[in-house]
Amino acid sequence: MFKSGFVNIIGRPNVGKSTLMNALVGENMSIITYKPQTTRHRILGIITEEDYQIVFSDTPGFVHDPSYKMHDKMNRYVFTTFEDADVMLFVVDQSDDYKEDHILIQKLNELACPVLLVINKMDLLAPEELVKIKDWYQSLLPKAEIMAISALNKVNTASLYQRIVAQLPEGPMYFPPDQLSDRSQRFFISEIIRENIFLLYREEIPYSCEVTIESFKEEEDIIRIEALIFVNRKSQLSIIIGKKGESIKRLGTDARLKMEAFLEKKVFLQLHVKVREGWRNNDRLLDRLGYSQ
Ligand SMILES: Nc1nc2c(ncn2[C@@H]2O[C@H](COP(=O)(O)OP(=O)(O)OP(=O)(O)O)[C@@H](O)[C@H]2O)c(=O)[nH]1
Ligand SMILES: [Mg+2]
C-alpha cells in the first residue's frame, strides 16, 4: 500500500516553521532569518520513498493584524492549507499566547485530519515551563498530539518525522519521485537575495522589498543572473544602495556566494533597484510578483 499526503506547516511568524521544513526535508528549501514575516509564499518540499510520498508545505507566519494586501495574500496561503491538509503541523514557540477564540485554534479544532502540535525551541524552555505549555495546548486542542522539539538543533525531529509517516493516509504519488519542490530555480534565487536583504538591512527595509529575476543565462562555466529589487519609496532606494554603493555591493557578494553553493556553479550577479510605490497594496503588481495563487 502506497501512502501519501499533504503535511502543512502553519503558525505565527518566527516560530521556526521554515527551519522545521528544512530539517524534515533535509534540504535548504525555505529561507530562514531571525526576523518575523520572512516567508511570504506557500512552498512545497517533497520527499519520496519507496512506499510513501510526503508533500510538506511551508507557509508564511499568520499575520494577526494585516496592514497590506500582501499580508492578506500571505494569510490566504495559510487558509488554503486547511483545505488540503492530510496532516497539520501547528508550530508554536514559548512566546505564543493563543486563546480559545483565535481563528487558527478554532479552525484547527474543526479539522478532520490529524493535528500535530509542535512546541518548537524547546532548547529555550525549562522542563517545568514545557509541562505548563503542553497542558495549556492540550486544553486548547484536545484532539492534537503534542510534541516538543528543537528544529534548530534537530532534537526530536526524527521522531516527529516518524509520527508524520505513521499518520499518512493511503494515496497516490502526487509528484514525480525526483521532484523536490513546486518552485523554480528562479524562485529560490530570488529568495536568496531576499534572505540577505533581511539579514543586512534594518527596520522597515526588508519589509519594503521584493525581488524578481530578470534574466538567468547559463554558460559553460558561469551563470549570469540579473535581479531587480523593488522598494516602496525613493529614500529606501538610497539605503539599499548605501554610501558609495557599499551596501548593495555587500548584498551582491553575500547573495552570490549562497547562489554559487546552491547552483554548484560560478555566478555573476547584477542587482538593480527600482521604486514601485505602494507595491504591497497593488493587486496587479502582487499578481506579477507571484502572489496570485
Ligand atoms: N533557539 C531556537 N531557535 C530556533 C529554533 N528553530 C528556529 N529557530 C530560530 O527562529 C528564527 C525564525 O526561524 P524561521 O524558521 O525563519 O521561522 P518561521 O516560522 O519560518 O518565520 P516566518 O517565515 O517569518 O513566519 C530563526 O532565527 C531560527 O534560527 C529552535 O529550535 N531553537
Ligand atoms: Mg518562514
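Domain bounds here come from an automatic or database domain assignment. With that in mind, colour the chain in two pieces: domain 1 (3-167) and domain 2 (185-288). This is a predicted model, where local features need pLDDT of at least 70 and side-chain atom pairs count only at pLDDT 80 or more, while totals for chains, interfaces and linings use all residues. Residues are numbered from 1 along each chain as its sequence is written, and chains are lettered from A and ligands numbered from 1 in the order in which they are written.

Zoom out for a moment. The C-alpha centres of the two domains lie 28 Å apart. Their contact (C-beta atoms, placed from the backbone, within 7 Å) takes nine residues from domain 1 and eleven residues from domain 2.

Next, select F56, F90 and V118. In the largest nonpolar core, which has 45 residues, these touch the most other members. Such a core is a set of buried Ala, Val, Leu, Ile, Met, Phe, Trp, Tyr and Cys residues joined through C-beta atoms within 7 Å; buried means 20 or more other C-beta atoms within 10 Å of a residue's own. Strand β4 gives the largest share, six residues.

Stay on V118 and show its contacts: L20, L89, F90, V91, M147, I149 and L160, leaving out residues up to four places away in sequence.

Last stop: ligand 1. Around it sit 24 residues (C-beta atom, placed from the backbone, within 6 Å), and G16, S18, T39, G61 and L152 come nearest.

Key: A residue is buried if 20 or more other C-beta atoms lie within 10 Å of its own, exposed if 12 or fewer, and partly exposed in between; C-beta atoms are placed from the backbone. Helices (H or I, at least four residues) and strands (E, at least two) are DSSP runs, numbered from the N terminus. Two residues are in contact if their C-beta atoms, placed from the backbone, lie within 7 Å.
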